Amino acid sequence: GVRYRKLIADEKIYAFAAVEGSSVVFYLDHVDLQSDDFYLCYTIIVQGAKNIISACRESKVRRLIYNSSADVVFDGSRDIINGDESLPYPCKFEHILSDLKAQAEALILFANNIDGLLTCALRPCNVFGPGDTNLVPFFVSLARSGLTKFIIGSGENISDFTYVENVSHAHVCAEEALDFRMASVAGKAFFISNLDPVRFWDFLSLILEGLGYQRPLIKLPARMVWQIILFIKWAHRKWGFLKGNPCVLHYVQLAACSRTFNCSAAQKHVGYSPGVSLEEGVSLTIRSFSHMSNDMSFSRYCNCDEPSKVEKLLGSGKVADILLWRDEKKSFTCFLALVLLFNWFFLSGRTFAVSVAKLLLLLSITLFGYGVLPKNIFGFTVKRLSMSYFEIPEVIVKDSVTAIVHLWNRGFHCIRSLAQGQDWKIFFKVAASVYFLKLSLQSLAMTIGIALAFAFTAFFVYEQYESEIDGLAKLLYSCVKELMGLLKRNLPPSVASVLCNSKIPHLDKRPAAVRHWK
């Protein structure tokens with residue numbers, strides 16, 4: 001019979017109890033390790049392999065198959081195209097788990113034919129499927145924060161993937177091969193895949209779209225992403241903030257490099273062939289991760305009555321409809337009219353008064369000419385302008401006056417608070433506002449042009465990519481918050497006390513641990 005044991009292999013006594021009475025052992029080390037704890041990783045992976053080898057030798061186990069990884073020959077510095085078992089271990093690994101697995105694999109292969117124990121190792125590439133705790137969950141977590149809309153590199157890199165059921169099948173084949181064809185299998189490692197290499201980002205897009213997330217679209221230079229992640233890693237190591245997932249570096253390497261392997265040795269000597277195709281494996285994986293699907297991804301389309309955040313911000317009226325391009329013809333007409341007005345007032349070289357006078361003259365001539373046109377011209381009816389077109393509703397006038405009075409009262413309240421000299425928060429707000437107003441007036445035409453372009457693009461873009469932008473904003477906010485905390489901890493006591501007593505936002509009023517400056 002077959003027994004499955006989940007044990008702590010770093011203790012030899014547990015390893016011995018698990019393999020006692022067995023004729024074959026399939027050894028799969030822990031997959032949920034965090035690479036920032038070197039001692040724990042070494043104990044479980046390397047020391048665990050040593051204990052399993054010792055236990056198998058003492059218990060007279062005949063066959064030991066180790067579930068290794070294709071990562072043991074990959075250091076992230078170069079592509080691997082059609083790599084075979086002749087590839088050496090890299091001199092240096094960026095990913096500590098790959099380094100430790102390479103050590104464990106070498107130990108198990110070296111133990112071959114000692115005390116009658118036959119060993120081999122299988123190297124599956126990018127394992128995915130039901131029960132996956134690494135590849136799919138990692139990218140789904142990124143998708144939820146909106147970061148998987150970016151493609152790292154050119155997006156043309158090719159990778160091999162292995163469905164988890166095919167890995168199990170390969171282990172069974174390896175056990176039979178060790179029993180009947182041990183000369184060509186014992187003491188060797190074999191690459192395992194689905195034998196169907198595809199673009200990495202095409203595979204990832206299938207998974208993400210199947211779970212309701214947007215496929216990656218925007219390409220970023222791989223070197224730039226790599227430098228950003230190295231900076232985050234360095235900042236966390238030096239100052240203890242900007243902590244990231246320790247596996248991010250490894251997954252960036254996988255996503256940016258090509259990795260394909262020649263599995264002909266496994267086919268020839270182990271007798272392996274994938275039983276589940278890549279397409280079927282993707283479908284089964286999507287079904288098994290349905291609990292992680294983005295249930296709200298299409299909510300804006302399913303429930304059209306629910307306004308978006310930006311629509312609520314714009315008042316859910318005519319202005320919102322124009323700026324969000326609900327009616328493309330009307331939005332384009334308004335945009336074109338505003339561009340013409342911008343050109344008339346700011347780019348024509350005339351003074352503002354002359355531009356207003358000429359515009360009023362042009363409007364008067366146009367309206368008078370339209371008014372004297374006959375009711376019918378060559379069979380076309382000329383519609384007369386109603387007097388209501390030129391009337392402003394009393395409600396709009398009252399609302400406008402109320403808004404002006406409200407702004408005036410708020411301004412007077414701010415001036416009175418400034419005169420009292422107690423609220424530094426208002427002082428900084430007013431000073432910053434006046435300074436930006438000064439900059440805006442110095443280049444008024446540029447400011448209005450940028451505002452015009454911003455109004456007709458930014459709101460529309462935000463509505464389309466609301467979740468992604470919100471996720472990025474949360475990330476930036478957390479980074480700024482940690483930087484502020486670091487700044488507070490390193491300020492001189494006198495400065496820290498002044499800031500704490502000045503009611504500046506986001507500064508903790510509790511006594512801070514600060515250095516003593518000489």
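Rings of Phe, Tyr and Trp (for Trp, its six-membered ring) pair up if their centres lie within 6.5 Å; planes under 30 degrees apart count as stacked, over 60 as edge-to-face, and the rest as tilted. Keep that in mind for the tour. What you have open is a predicted model, where local features need pLDDT of at least 70, side-chain atom pairs count only at pLDDT 80 or more, and totals for chains, interfaces and linings use all residues. Residues are numbered from 1 along each chain as its sequence is written, and side-chain values use heavy atoms, with hydrogens and water left out.

**Stop 1: aromatic rings**

How many aromatic pairs does the structure hold? There are 15. Select Phe139 and Tyr251: their ring centres are 5.8 Å apart and the planes stand at 70°, so this pair is edge-to-face. It links distant parts of the chain, with Phe139 in helix α4 (residues 135–144) and Tyr251 in helix α9 (residues 248–256), 112 residues apart. Helices here are DSSP runs of H or I, at least four residues, and strands are runs of E, at least two, numbered from the N terminus.

Now pick Phe200 and Trp201, an edge-to-face pair with 5.6 Å from centre to centre and 75° between the planes. Both residues are buried.

**Stop 2: charges over rings**

A charge sits over a ring if NZ of Lys or CZ of Arg is within 6 Å of the ring centre and within 35 degrees of the ring normal. Click Arg259, which lies over the face of Phe74, 4.8 Å from the ring centre. Then try Arg350, over the face of Trp344 at 4.5 Å from the ring centre.

**Stop 3: annotated stretches**

The UniProt annotation "transmembrane region", from an unreviewed entry, covers residues 332–353, 359–378 and 444–462. Positions follow the numbering used here, feature names are shortened, and annotations may be inferred rather than shown by experiment. Colour residues 332–353: this stretch is 82% helix and 0% strand, and its end C-alpha atoms are 28 Å apart. Residues 359–378 come out at 65% helix and 10% strand, with end C-alpha atoms 30 Å apart.

Technical notes. Buried means under 20% relative accessible area, exposed over 50%, partly exposed in between (1.4 Å probe, protein chains only).
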